Amino acid sequence: MRGAVRERVPLGPLMHLRIGGPADWFLEPFAEEDVALVVRVCRDEDVPLRVLGGGSNVVVADAGVRGAVVHLANMNRIVRDGNRITAGAGVTLPSLLRATKEVGLAGLEKLTGIPAMVGGAVAMNAGTRDGETFDHLVSLTLVDRDGEIVVHGRDDFAATYRDGGLRDAIVLHATFELQPDDPKAIFERFSASLKKRNATQPVTCRSVGCVFRNPAGDAAGRLIEAAGCKGLRAGGVEVSGLHANYFVNEGGGTAADFIALMDQVRARVRGAFGVELAPEVKFWGF
């Protein structure tokens, strides 16, 4: 495989939450064929394989994770073809939004403030109240579970709330159909969304974004706040005072602290409203 292969790499520093132990193997493939090779080798050798994007929605166990973690930061090209933009899995959403604004293509600014890479955003159908990743998606180039590189259209997937429906496939790059617009108008929408997000969410803090999914017809943050959980703490992890569905690592927090705080919050919301909150965040190594 072309690219870096390292052993026992700590994952905590790569996570927005800054929590988590090491991966047995940490792989940084150089090109599409290298990703496919990694999938085939791990399959043949029965090695568990996980894909790390921006680390913005994952909690890694304090003991780390067994097997291999593949990081696709090298897949970072952006290519324009008319009103279509193709972005590699390792492109960050902020970089993609800046690139589309500069060439006067609108639509993706609804994803403003999401600290993810394109691959992870597609896999979880990341979004805001204004829209989701799949809204402008046209096609995906993936590595399937057999290690084959395949291309699929958007309609081949039954994307739902915070789930792109990819199953075990790994995103290599995604193509979006956008609309021409004045770069100044795009920037104004981008800036307004970012200002609103900064005012209502602790975006500069160590967190994993929203911890729980929104129940049908309600908001998890509203329920958590109404249950009196703002400021609730377990070890070094605290429920944000700005947005109750964010848990913030105030320093020295552990994965065990995070899980303990989740349990406390779920119990309070269950007791107050009879609602069972489901996690939106992913867990590795538990």
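**View A. What lines the second largest pocket, by class.** In this predicted model, the lining splits into 6 nonpolar, 5 polar and 2 charged residues. Here Ala, Val, Leu, Ile, Met, Phe, Trp, Tyr, Cys and Pro go down as nonpolar, Asp, Glu, Lys and Arg as charged, and the others, Gly among them, as polar. There are 13 lining residues, with Glu32, Met75, Arg77, Gly88 and His173 nearest the pocket centre. Two elements give two or more residues each: strand 7 (84-88) and strand 13 (170-177). The pocket's volume comes to about 230 Å³. A pocket is an open set of points on a 1 Å grid over the protein atoms alone where a 1.4 Å probe fits, with protein on both sides within 12 Å along at least five of seven lines, and lining residues have an atom within 4 Å of a point. Strands are DSSP E runs of at least two residues, helices H or I runs of at least four, numbered from the N terminus.

**View B. A nonpolar surface patch.** Met1, Val5, Trp25, Leu37 and Val41 make up a patch of about 410 Å². Patch members have over 30% relative accessible area and no salt bridge, with nonpolar side chains joined within 5 Å. A salt bridge would be a Lys or Arg side-chain nitrogen within 4 Å of an Asp or Glu carboxyl oxygen. Valine 41 sits in helix 1 (residues 32-44).

**View C. Lysine 101 and valine 269.** Lysine 101 belongs to helix 2 (residues 93-102). Its C-alpha is 41 Å from that of valine 269, 168 residues along the chain.

**Notes.** Residues are numbered from 1 along each chain as its sequence is written. Local features need pLDDT of at least 70, side-chain atom pairs count only at pLDDT 80 or more, totals for chains, interfaces and linings use all residues, and side-chain values use heavy atoms, leaving out hydrogens and water.

Conventions: Grid points are joined across faces, edges and corners, and a volume is the space filled by probe spheres set on the points. Patches are made of residues with over 30% relative accessible area and no salt bridge: like charges are joined within 9 Å, nonpolar side chains (Val, Leu, Ile, Met, Phe, Trp, Tyr) within 5 Å. Accessible areas come from the Shrake-Rupley method with a 1.4 Å probe; for residues, only the protein chains shown count as cover.
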